[in-house]
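I opened this model to look up its charged pairs, its aromatic contacts and its nonpolar core. The entries below follow that order.

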Amino acid sequence: MTDVALITGTSSGMGLHAAIELARRGLHVVATMRDVGRAGELQDAAAAAGVDVEVRALDVVDHAAAARLVAEVEAEHGGIHVLVNNAGRGSVATAEQLSMQQVQDQLDVNYLAPVNLTKLVLPGMRERGSGRILTVTSVGGTVGQPFADAYCGAKFAVEGFMQSLAVVAERFGVRVSVIEPAAVASSFVANVVRPDEGGPYASLLAAYVARSSGAFANAQTAESAGAVIAAAVMSDEYRFRWQSSEGATAFVGVSLADLDGERVLGFTRPWIAAG
């Protein structure tokens with residue numbers, strides 16, 4: 001029986017390329033996205049690669065819909081052997097600029113959705129004595145970054161959940177890992193929620209956006225990050241943490257500078273590459 005991989009957030013970026021690469025490696029890929037009307041890029045990429053992917057609709061924050069999808073896929077294909085929690089949502093704002101609904105939105109997509117899907121696939125994996133759960137987090141899940149209060153909070157939360165789960169799940173043959181990408185050149189940044197300009201944080205936000213825009217312009221490609229996701233899924237070597245940029249040795253946090261060039265905030269942290 002062919003192993004089945006369920007991947008979220010596959011209409012573009014890392015998720016799209018991870019789906020294609022896993023299909024190349026012989027898995028039956030169930031690629032999900034909120035709007036299947038946006039599946040054209042994925043389907044074109046699959047055709048170019050000479051592989052097939054099964055496209056299904058899923059809004060990851062709809063937990064009932066996720067439960068129905070998992071039950072359907074397990075019934076149709078005999079189980080889900082790989083789960084890749086890739087769907088994510090960004091936010092650029094500091095605490096005062098955030099509404100509680102915006103905080104909730106970050107938790108819903110970046111934390112609660114992966115938790116729910118993980119819970120849904122775990123029984124089948126545990127009963128078979130094997131399975132892989134891989135969650136795409138961020139360096140923002142290990143280091144807080146300016147104007148990413150809600151985003152980093154949600155990513156810290158999912159990191160803690162997965163790390164705790166990994167200890168127990170491995171006893172049942174289920175390997176739980178995370179990938180912490182640095183900047184990736186994809187449409188993710190274009191979809192980030194940002195506050196209205198103006199107010200006391202305007203100059204700092206402008207400096208942050210200018211600095212981070214340069215980092216993303218020169219970032220790793222979504223294709224290379226997707227390939228690492230697939231490699232992590234298929235690897236016989238178990239690690240809890242994976243890096244998404246081959247050869248990366250450090251993550252340099254975006255520094256804020258005011259218009260006079262005074263450094264306001266900056267940090268550097270060694271990349272956690274192995275568990």
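I began with the rule for a salt bridge, which I took as a side-chain nitrogen of Lys or Arg within 4 Å of a carboxyl oxygen of Asp or Glu. The model is predicted, so local features need pLDDT of at least 70 and side-chain atom pairs count only at pLDDT 80 or more, while totals for chains, interfaces and linings use all residues. Residues are numbered from 1 along each chain as its sequence is written, and side-chain values use heavy atoms, with hydrogens and water left out.

**Entry: salt bridges**

I noted that side chains of opposite charge can pair when their charged atoms come close. Under the salt-bridge rule I count 8 salt bridges. I also find that Glu54, Arg56, Glu72 and Glu76 are linked in a network of salt bridges.

Glutamate 72 belongs to helix α3 (residues 63–77) and arginine 56 to strand β3 (residues 54–57), so that the pair links distant parts of the chain, 16 residues apart; here helices (H or I, at least four residues) and strands (E, at least two) are DSSP runs, numbered from the N terminus. For accessibility I used relative accessible area, with buried under 20%, exposed over 50% and partly exposed in between (1.4 Å probe, protein chains only). On that scale glutamate 72 is partly exposed at 36%, whereas arginine 56 is buried at 15%.

I then turned to arginine 24 and glutamate 21, which form a salt bridge of 2.9 Å, N to O. Both are in helix α1 (residues 13–24), and because they are 3 residues apart, about one helical turn separates them. Arginine 24 is partly exposed at 48% relative accessibility, and glutamate 21 is buried at 18%.

A further salt bridge joins aspartate 105 to arginine 89, with the closest N and O atoms 4.0 Å apart. Aspartate 105 is in helix α4 and arginine 89 in the loop between β4 (82–85) and α4, so this pair ties together parts that are 16 residues apart in sequence. I recorded arginine 89 as partly exposed, with a relative accessible area of 32%.

**Entry: aromatic rings**

For ring pairs I required the centres of Phe, Tyr or Trp rings (for Trp, the six-membered ring) to lie within 6.5 Å, calling planes under 30 degrees apart stacked, over 60 edge-to-face and the rest tilted. The count comes to 2 aromatic pairs.

The rings of tyrosine 111 and phenylalanine 161 have centres 6.4 Å apart and planes at 80°, so I class the pair as edge-to-face. Because tyrosine 111 lies in helix α4 (residues 100–128) and phenylalanine 161 in helix α5 (residues 149–169), the pair ties together parts 50 residues apart in sequence. Tyrosine 111 is partly exposed at 22%, and phenylalanine 161 is partly exposed at 24%.

Phenylalanine 147 and tyrosine 201 have ring centres 6.5 Å apart and planes at 85°, so this pair too is edge-to-face. Phenylalanine 147 is in the loop between β5 (131–136) and α5, and tyrosine 201 in the loop between β7 (184–185) and α6 (202–217), so the pair ties together parts 54 residues apart in sequence. I found phenylalanine 147 buried at 5% and tyrosine 201 partly exposed at 22%.

**Entry: tryptophan 242**

Tryptophan 242 lies in strand β9 (residues 241–243) and is buried, at 9% relative accessible area. The charged end of arginine 239 sits over the ring of tryptophan 242, 3.8 Å from its centre; the rule asks for NZ of Lys or CZ of Arg within 6 Å of the ring centre and within 35 degrees of the ring normal. I also checked proline 181, which is 61 residues from tryptophan 242 in sequence and 8.6 Å away in space, C-alpha to C-alpha.

**Entry: nonpolar core**

I defined a nonpolar core as a set of buried Ala, Val, Leu, Ile, Met, Phe, Trp, Tyr and Cys residues joined through side-chain atoms within 4.5 Å. The largest one has 30 residues, and Leu22, Val29, Leu42, Val84, Leu134, Ile179 and Ile229 have the most contacts inside it. Its largest share, 7 residues, comes from α1.
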